[in-house]
Amino acid sequence: MSSQPFVHESAYVDDGVELGEGSKVWHFSHILSGCRIGRNCSIGQNVMIGPNVPVGDNCKIQNNVSLYKGVELEDGVFCGPSSVFTNVINPRAEVERKDEFRITRVRRGATIGANATIVCGNELGEYCLIAAGAVVTKSVPAFALMAGVPARRMGWVSRSGEILDEKLICPRTGERYEMVGDVLQLVETQP
């Protein structure tokens, strides 16, 4: 059963935007041309996306978030209220830098907490969790729990967002993880 996307009457969706089935665009938001918004996404109030920004399926972008050109969200990404993305390392009002935009990839299932800042040119790994107010200045591994200014790894989280102890078993799902070098990997899923 498919459902048409919903766009609030106060929102703007430019020509040339692909808006997936079941997605909702709420009050005072603006999606610029060339964006692809996946299925079943929730675009909160006062959000700006684009131009040419891809957003995967099942993403939740909370109020007051701007996804500038160069940001790429895979499926299932959560952007908390007022989280911030940049796209230029050294901006100046009087210097044109549109040819210097850096790509910021946010991998599947990642969570970015409220008021966190993601400096451009980095990758956020699958299912990582960026704490509220953190400032990410380097790439983040999959499943990492990052907090602080600048953000540093405080631990590991499961796909369900639960903090993992030394046994590396998700307390919610029973999924098992293991360290392979410096990388945490899912090794056993529950049915």
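Predicted model: local features only at pLDDT ≥ 70, side-chain atom pairs only at ≥ 80, totals over all residues.

Visitor: How many salt bridges does a search of the whole structure find?

Guide: A salt bridge is a side-chain nitrogen of Lys or Arg within 4 Å of a carboxyl oxygen of Asp or Glu, and the search finds 8 of them. One of these joins the side chains of Asp57 and Arg39, at 3.0 Å from N to O. Asp57 sits in the loop between strand 9 (54-55) and strand 10 (60-61), and Arg39 in the loop between strand 6 (36-37) and strand 7 (42-43), so the pair ties together parts that are 18 residues apart in sequence. Strands here are DSSP runs of E with at least two residues, numbered from the N terminus.

Visitor: Is Asp57 buried or exposed?

Guide: Buried means under 20% relative accessible area, exposed over 50%, and partly exposed in between, with a 1.4 Å probe and protein chains only. Asp57, at 16%, counts as buried, whereas Arg39, at 45%, is partly exposed.

Visitor: Which residues are linked in a network of salt bridges?

Guide: Glu74, Arg107 and Glu123 are linked in such a network. Within it, the side chains of Glu123 and Arg107 meet at 3.2 Å, N to O. Glu123 belongs to strand 18 (residues 123-124) and Arg107 to the loop between strand 15 and strand 16 (111-112), so the pair ties together parts that are 16 residues apart in sequence.

Visitor: What does the side chain of Asn87 reach?

Guide: Asn87, in the loop between strand 14 (84-85) and strand 15 (104-106), is buried at 13% relative accessibility. Its side chain reaches the backbone oxygen of Lys69 at 3.2 Å. Leaving aside neighbours within four places in sequence, Asn87 is in contact (heavy atoms within 4.5 Å) with residues including Tyr68, Phe101 and Cys120.

Visitor: In which sense do strand 21 and strand 22 pair?

Guide: Two strands pair if DSSP finds at least two bridges between them; strand 21 (residues 144-147) and strand 22 (residues 152-156) pair in the antiparallel sense over 4 bridges. The bridge partner of Leu145 in strand 22 is Gly155. The hairpin has 4 residues between the strands, and Gly148 takes a positive phi near 100° there.

Conventions:
Residues numbered from 1 in each chain as written. Heavy atoms only, no water. Polar contact = N/O pair within 3.5 Å; in protein donor to acceptor, adjacent residues only side chain to side chain.
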